[in-house]
Amino acid sequence: MALVVICGQPCSGKSTAASCLAEALQVVDPKPTVRIIDESSLHLGRNQSYADMTVEKNLRGVLRSEVDRSLSRDNIIIVDSLNNIKGYRYELWCLARASRFRYCVIFCDTEENHCREWNNKRSEMGECSYDTKIFEDLVRRFEKPDSRNRWDSPLFELFPSRDGVKQSSPAISEAVSYLTKKVDSKTRDVRVLQPTIATQNVRAPEANSLYEMDRATQEVINAIVEAQSCGLAGPVNKISLSQHLPTIDIQRTVGLPELRSLRRTFIKLAGQSSLSGPPPPSDAESAKRMFIDYLNRKIGAV
């Protein structure tokens with residue numbers, strides 16, 4: 001249904017924002033299923049998760065995998081983590097696009113000094129906090145989101161140190177509206193991401209689909225070549241393979257190189273369309289019918 005990425009400096013109010021968003025979504029009718037994914041939900045501590053670059057990279061991989069497993073039509077997933085690397089936010093955006101989900105980023109724009117102060121207070125109170133060295137390193141490497149980037153858009157900004165974070169905060173209300181608004185032909189302000197061939201999971205065709213298509217299209221080519229070789233006095237306009245198949249209607253002599261090129265293009269297009277549509281035909285008759293229709297469109301009217 002939707003993927004929400006919470007983004008901000010360490011100790012900038014991200015977890016509070018995630019909780020407020022989840023609570024605000026529960027007021028909506030019908031109530032969506034909301035899940036917050038963060039380090040604690042995976043039983044990982046803050047300092048151990050960011051101890052060095054290798055551990056941090058592994059953390060991002062674990063979070064990404066958990067998001068991928070959790071995406072479904074009935075869920076709103078909130079990723080409550082630093083999400084401080086723009087390349088990582090792009091990876092999450094790709095997951096949403098591949099699943100045809102809505103996607104947005106909520107940015108807790110808190111000044112570094114306030115983040116540092118809040119982290120120190122948590123440490124003094126014995127609450128979960130970052131070690132100073134880790135905190136300063138994360139602050140230095142933070143990559144601020146930019147709404148001009150696809151993976152940072154739409155971007156809803158919160159200012160916790162100035163305004164606090166509540167369910168009624170403008171950014172929270174706008175995000176709830178965006179995530180739950182019904183999409184129809186008149187909707188212009190809500191985007192449901194659409195997958196591309198690059199982000200689609202390749203569907204394994206039936207075992208004999210490609211073989212049948214290859215064999216069937218070759219039989220059509222052979223029939224055309226044979227018919228044209230028999231009609232030496234002039235071009236053959238009508239070629240019929242069987243009474244159950246359309247007639248091949250060509251208005252000129254077509255050489256074997258051109259036929260082979262058309263066949264290769266057809267097989268390639270059929271394979272690409274199967275990524276988001278039905279798989280290639282698994283029987284010879286269907287493959288022949290599709291290929292004949294394709295040839296009639298390409299060379300039938302020339």
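Residues are called buried here when their relative accessible area is under 20%, exposed when it is over 50% and partly exposed in between, with a 1.4 Å probe and protein chains only. The structure is a predicted model, in which local features need pLDDT of at least 70 and side-chain atom pairs count only at pLDDT 80 or more, whereas totals for chains, interfaces and linings use all residues. Residues are numbered from 1 along each chain as its sequence is written, and side-chain values use heavy atoms, with hydrogens and water left out.

The protein contains 11 helices and seven strands, these being DSSP runs numbered from the N terminus (helices H or I, at least four residues; strands E, at least two). Of the 302 residues in the protein, 44% are buried. Among contacts (heavy atoms within 4.5 Å) between residues at least 6 apart in sequence, 79% join residues at least 24 apart.

Helix α4, residues 86-98, comprises 13 residues and reaches 18 Å from its first C-alpha to its last, close to the 18 Å expected at 1.5 Å a residue, where the expected span is 1.5 Å times one less than the number of residues. The buried residues of α4 are Tyr 88, Arg 89, Leu 92, Trp 93, Cys 94, Leu 95, Ala 96 and Arg 97, and their cover includes β1 (2-8), α3 (53-70) and β4 (102-108). After α4 comes Arg 100, which has a positive phi near 60°.

Two packed helices are described by the angle between their axes and the distance between the axes. The axes are lines fitted to C-alpha atoms, for helices over the stretch in contact, and the angles run from 0 to 180 degrees between N-to-C directions. For α3 and α4 the packing angle is about 15°, with the axes 10 Å apart, and α3 is therefore roughly parallel to α4 (angles under 35 degrees count as roughly parallel, over 145 as roughly antiparallel, 65 to 115 as roughly perpendicular and the rest as oblique). The contact involves Arg 60, Leu 63, Arg 64, Val 67 and Asp 68 of α3, together with Tyr 88, Glu 91, Leu 92 and Leu 95 of α4. By class, this contact of α3 with α4 has five nonpolar, no polar and four charged residues, with Ala, Val, Leu, Ile, Met, Phe, Trp, Tyr, Cys and Pro counted as nonpolar, Asp, Glu, Lys and Arg as charged, and the others, Gly among them, as polar.

Helix α1 (residues 14-25) and helix α8 (residues 170-180) pack at an angle of about 50°, with their axes 10 Å apart, and α1 and α8 are therefore oblique to each other. Ala 17, Cys 20, Leu 21, Ala 24 and Leu 25 of α1 make the contact with Ile 172, Ala 175, Val 176, Leu 179 and Thr 180 of α8; the residues of this contact divide into nine nonpolar, one polar and no charged.

Helix α5 (residues 112-124) packs with α6 at an angle of about 155°, their axes being 12 Å apart, which makes α5 roughly antiparallel to α6. In α5, Glu 112, Cys 115, Arg 116 and Asn 119 meet Phe 135, Glu 136 and Val 139 in α6, and the contact of α5 with α6 has three nonpolar, one polar and three charged residues.

Ser 153 lies in the loop between α6 (132-141) and β5 (155-158), and counts as buried because its relative accessibility is 14%. Ser 153 and Val 105 are 48 residues apart in sequence, with a C-alpha to C-alpha distance of 6.5 Å in space.
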